[in-house]
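Open the model in your viewer and keep the selection tool ready. We will go stop by stop.

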Amino acid sequence: MNNKITLDIDNLLTIMAKLRDPQQGCPWDLKQDFDSIVPHTIEEAYEVADAIEQKNWVDVKEELGDLLFQVVFYSQLAKEQGLFDFDDVVVGISEKLTRRHPHVFGDAVLTDEAAVKQNWEAEKAKDDSLLANIPLALPALTRANKIQQRCASQGFDWDTLGPVVDKVKEELNEVMDEVIQAPQQQHKIAEEMGDLLFSVVNLSRHLDVKPEHALQQANKKFERRFRQVEKNVLEQGKTLGQCSLTELDLEWDRVKQHECKK
């Protein structure tokens, strides 16, 4: 690490320490603890992802700074409690990255991306259970994908697409069976819906599609088309509530066809 980077990090750590100074610090920062900061950390991570999605590199730089500040904040809290400090965080991640990349920092030969991923997951498994350290706070689709990736790294996975598709169909049938046979038992329907969503995530993974990103894109597409439907209906001098479902479906189809022609 060159001297400028060292000085910049030291300056950031000094700023953080001053914000938490019991006599002269910021009242808001002094009120915070590990639990209260978590929602801000999650929000900052999403803002980084959103800036990258928008390809707004100025915002990416700024949001990464905000996310780094979260790490510094946790480190300061831990230092005050004698748990660890920022240097310990840096040493820990450096050691982990070195250990989990033996093909870069050691003599191991990993010839392709699949081999690298398999080695990475195997190294994680050495630390604890294969499914350890998958954060509960992750979006459910992302967490399901990570669980499946971990299991697949050790061979617990189908190697062809057919059984994956069959499983989706099977889970859909089980949802409908519950709907027909026990419509009042919502907890059973919800359980089967969870199984169906888990199987759809598995299908996404086998198709090399990130489920969280795919659903985000689907949300954006639906919102864009629905807004256009609203606009078209208003231009006809009506409101959505004054239209029948058939009329709205026809308008939706027009919007969809117009997009497809572009």
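**Stop 1: a loop residue**

Select Lys-55, which sits in the loop between helix 3 (34–53) and helix 4 (57–80). Helices here are DSSP runs of H or I with at least four residues, strands are runs of E with at least two, and both are numbered from the N terminus. Before going on, note that this is a predicted model: local features need pLDDT of at least 70, side-chain atom pairs count only at pLDDT 80 or more, and totals for chains, interfaces and linings use all residues. Residues are numbered from 1 along each chain as its sequence is written, and side-chain values use heavy atoms, with hydrogens and water left out.

Is Lys-55 buried or exposed? Lys-55 is exposed, with a relative accessible area of 53%. The cut-offs are these: buried is under 20% relative accessible area, exposed is over 50%, and partly exposed is in between (1.4 Å probe, protein chains only). Now check the backbone. Phi of Lys-55 is near 55 degrees, a positive value in a residue other than glycine. Most residues other than glycine have a negative phi.

**Stop 2: another positive phi**

Jump to Asp-208, in the loop between helix 10 and helix 11. Its phi is near 60 degrees, again positive in a residue that is not glycine. Asp-208 is exposed, with a relative accessible area of 71%.

**Stop 3: along helix 11**

Select residues 211–235, which form helix 11. Helix 11 has 25 residues and reaches 36 Å from its first C-alpha to its last. That is close to the 36 Å expected at 1.5 Å a residue; the expected span is 1.5 Å times one less than the number of residues.

Which residues of helix 11 are buried? Colour Pro-211, Arg-225, Val-229, Asn-232 and Val-233: these are buried. Their cover includes helix 8, helix 10 and helix 12 (245–261). Just after helix 11, look at Gly-237, where phi is positive, about 80 degrees.

**Stop 4: helix 8 against helix 11**

Show both helices together. Helix 8 and helix 11 pack at an angle of about 150 degrees, with their axes 8 Å apart. Axes are lines fitted to C-alpha atoms, for helices over the stretch in contact, and angles run from 0 to 180 degrees between N-to-C directions. Helix 8 is therefore roughly antiparallel to helix 11 (angles over 145 degrees count as roughly antiparallel).

Now show side chains. Leu-141, Thr-142 and Asn-145 of helix 8 make the contact with Pro-211, Glu-212 and Leu-215 of helix 11. Contact means heavy atoms within 4.5 Å.

**Stop 5: salt bridges**

How many salt bridges does the structure hold? There are 11. A salt bridge is a side-chain nitrogen of Lys or Arg within 4 Å of a carboxyl oxygen of Asp or Glu.

Start with Asp-157 and Arg-205, whose side chains meet in a salt bridge (3.0 Å, N to O). Asp-157 lies in the loop between helix 8 (140–153) and helix 9 (161–181), and Arg-205 in helix 10 (residues 186–206), so the pair ties together parts 48 residues apart in sequence. Asp-157 is partly exposed at 30% relative accessible area, whereas Arg-205 is buried at 17%.

Next, select Glu-170 and Lys-167, another salt bridge (3.3 Å, N to O). Both lie in helix 9, 3 residues apart, about one turn of the helix.

Finish at Lys-238 and Glu-247, where the closest N and O atoms of the salt bridge are 3.7 Å apart. Lys-238 is partly exposed at 26%, and Glu-247 is partly exposed at 35%.

Technical notes
Parallel < 35°, antiparallel > 145°, perpendicular 65-115°, else oblique.
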